[in-house]
Every structure is written in structure tokens, then in C-alpha cells.
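Biologist: I would like to learn how to read the contact between two chains. Could we go through one example together?

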2 protein chains.
Amino acid sequence: MKMSEGVEWALHCCLTLAWLGKDGGSVPTARLAAAFELPPAYLNKCLQLLVKAGILVSTAGVKGGFRLARAPARITLLDVVTAIEGPEGAFRCAEIRQRGAGASAPPREFVRPCGIAVAMRRAETAWRRELAAQTVADLLDAAPPSASERMRCWQLTQVH
Amino acid sequence: MKMSEGVEWALHCCLTLAWLGKDGGSVPTARLAAAFELPPAYLNKCLQLLVKAGILVSTAGVKGGFRLARAPARITLLDVVTAIEGPEGAFRCAEIRQRGAGASAPPREFVRPCGIAVAMRRAETAWRRELAAQTVADLLDAAPPSASERMRCWQLTQVH
DNA sequence: GCGATGCTACTCGGATAAAAACTGTCCGAGTGGCATCGG
DNA sequence: CCGATGCCACTCGGACAGTTTTTATCCGAGTAGCATCGC
């Protein structure tokens, strides 16, 4: 059960966009990739997922790039995780209770969901609740102010 | 982020062992695999993980097999999930904040952990807490009594 | 001088390969029961 | 009849392939700015 690295990348990029894009400018993939030494093409793939989810908006052309689609306070960590990992939960009940020994049971016994699936779903719900309670704005507040400034200074050095 | 199917298998096997092994007998892999139409060899691999974690005990020999190492009330879902999936969390912080733009930052800035990692860890902790709050005994109570009896009857038909 | 127009460089976006993890399979070491043999 | 002993069938346990998911890469479609050309 390994979460995609794209989640970490996406969150750091959201934070960076919140810092750099304050003046309304778009940031291209190449610059975000350079900011964290990530493979640019694959990072682009992750950012596209965020666009599809409505978290980012993309602009084509020579001065194009990505920027946040809405205020950081309205982007939860759950939004980002779901955008990258997909809507399905980690645990998927295959209903093996109905196979083998359970094949001869009356169908009405399987009307109520499998207790194991319920328990696992409950845990994942708690996980989602915690993720939904945190926003990108919270991450901005928690990060040291120097990081924001360093990122902004670094961006100037990258202008060719 | 897909959880291994072995988790579902292991939980169903723990439930089955609690039902069948009441009289102290061990249940071999082949019988558990037949009970859910699972690949026997791979299921055996999962059961070995449970043995390593101290959840099951295995007995070799002609009347051998697996049985619960302790009472169902003392086996949490977290125990089983950790045994199959390993102790590491789903999210692993790669500290990309220290690379690229952050490479020139003073080391003391990275003493406190990455805010993103903290937030993700908090969510996973909530997930673990829910899993730890549920035991195999709770699953036994939640399952319909007919399932227990059916499994016991079915077992008799499997004796060669 | 001013506007329209064609061009170029740069961007995103999706289709295409390599790598890793998960899933599935096989065979060997070890053990306990059981039949046999001897006393 | 009772005990010791050797054998055998059955079990777990770890080493070996196949398949799906993840990671990484490349190239094409499209767009915005800019220089050029014409009026």
C-alpha cells in the first residue's frame, strides 16, 4: 500500500503556486520541476490531474503555465489526494465471503454488507475526514516565512 | 494506492479460524483456500506473514495447520493490516523541500518536519486509530450466526 | 505611422516505453502419525 | 500384549516467474506574443 509520490509533488506545487502566483502569473511545469528537481514530464502528468479535478487552471502559449483555480483556503488535502490517487478507496471488498463455503448460502444473507468491508471503510472515512479538515492555506501558515521568500527569490534567478 | 488483497483474505481467515478452531484444532492452508476459492500457495504466503507478526501459530506435520495465537478480542484489525502491508505508512515524505530551490537553505530550517508530512501522518494516525479500535471479536459479533454454522458444516464435508 | 498578418517559440496534453510492486506458482525441509517389527 | 523404530504422507517455508500498477519519457496540437509587411 504505497501512495503515489505524485501526491507529495502536487501538494508542494500547490504551496509553491500560492507563493509565486500571488501576482496572478502562471508558472510552467519546467519551473516547478526545477524547484524540486523532479522529472518535468511526469510532474506535468500529475498537474494535469489537478486541472481535471478543478484545483488548477492551465494556460497555453508562451507565457502560459499553471495557477491555482481558487483560494488556498478552499483547497483541501483530500481534494489533492483524490485528484492524484483517484476516487476509489484503498480497500476493495472482493466479496470472497460469497465464494467457496458461502456459495450455498441464501442470497438474502448477503444483502447487508460484509462486516470486514464496513470496518475498513470506517477507518478510511476517518482518514478522509482528517484530510478534508486541512487546507493548503493551513500549510501556508505552518511553513516558515523564509521558505516563501526563498522560493520567490529563487524564481527570479530562473528567468532566462 | 491499492491495498493488498491479502488483507481481506487474512481477515476472513482469522474469522474462519475463530469459528473452526474453537476445539483447538489447526486448519491447514488448503482448507482455508478452498473455503474462499483462493490460490492456496499465495494464501499460505499471507498466513506466514501473520505468523511472523505473532497473530497465528503454525504447526507442521500431518495434522498441522494454523490457529489463532491469542483470543479474537486481542487481535485488532490494525495488527492484521500491519502484518500484511508492513509497518510503513502509505505516504512517505521524500523531503523534496530540501532539493532544488531549498538546497541553499540553512539546515536548521529543516529541523522541524515538513508540514505536508505532518498533515498526512495525522490522517494516517486517525486511520490507524480506527483500525486499532476494532477487533476480530467485534467482527465475530457482527457476522450473522448462520455464517459460523455454515462454515462448520462445510468443513465436515471437506474431510477426505 | 498604424493595422493586419504570418511566423516562431513556447506551452500543455495525451500516447508510448521502462521499472517496480503485487500476484501467483513451484519445490524442498521438516515433522508428526502410523504401521511394522521385535521383545 | 507392549514398546521401540523406521517409513511415509502431509504440513509449512522460502525461492522462482507472470501480470498489473506505477513511474518516466517523448512527440504532436494549440496558443500567445512578436516581427514583418503592406497600406
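Predicted model: local features only at pLDDT ≥ 70, side-chain atom pairs only at ≥ 80, totals over all residues.

Biologist: What rotation superposes chain A on chain B?

Modeller: Copies are superposed by least squares on the C-alpha atoms of residues with pLDDT of at least 70 in both. Here a rotation of 180° with 0.0 Å of shift along its axis does so, with an RMSD of 0.1 Å, and the two copies are therefore related as by a two-fold rotation axis. In chain A, Trp127(A) has the C-alpha nearest the axis, 2.5 Å from it.

Biologist: How is the size of an interface often given?

Modeller: It is often given as the accessible area lost when the parts come together; the value is found with a 1.4 Å probe and summed over both parts. Between chain A and chain B about 4,700 Å² is buried, and carbon and sulfur atoms give 66% of that area.

Biologist: How many salt bridges are there between chain A and chain B?

Modeller: A salt bridge needs a side-chain nitrogen of Lys or Arg within 4 Å of a carboxyl oxygen of Asp or Glu. The count between chain A and chain B is two, and Glu109(A) meets Arg150(B) in a salt bridge at 2.5 Å, N to O.

Technical notes:
Residues numbered from 1 in each chain as written. Chains lettered and ligands numbered in written order. Heavy atoms only, no water. Buried area = accessible area lost by both parts, 1.4 Å probe.
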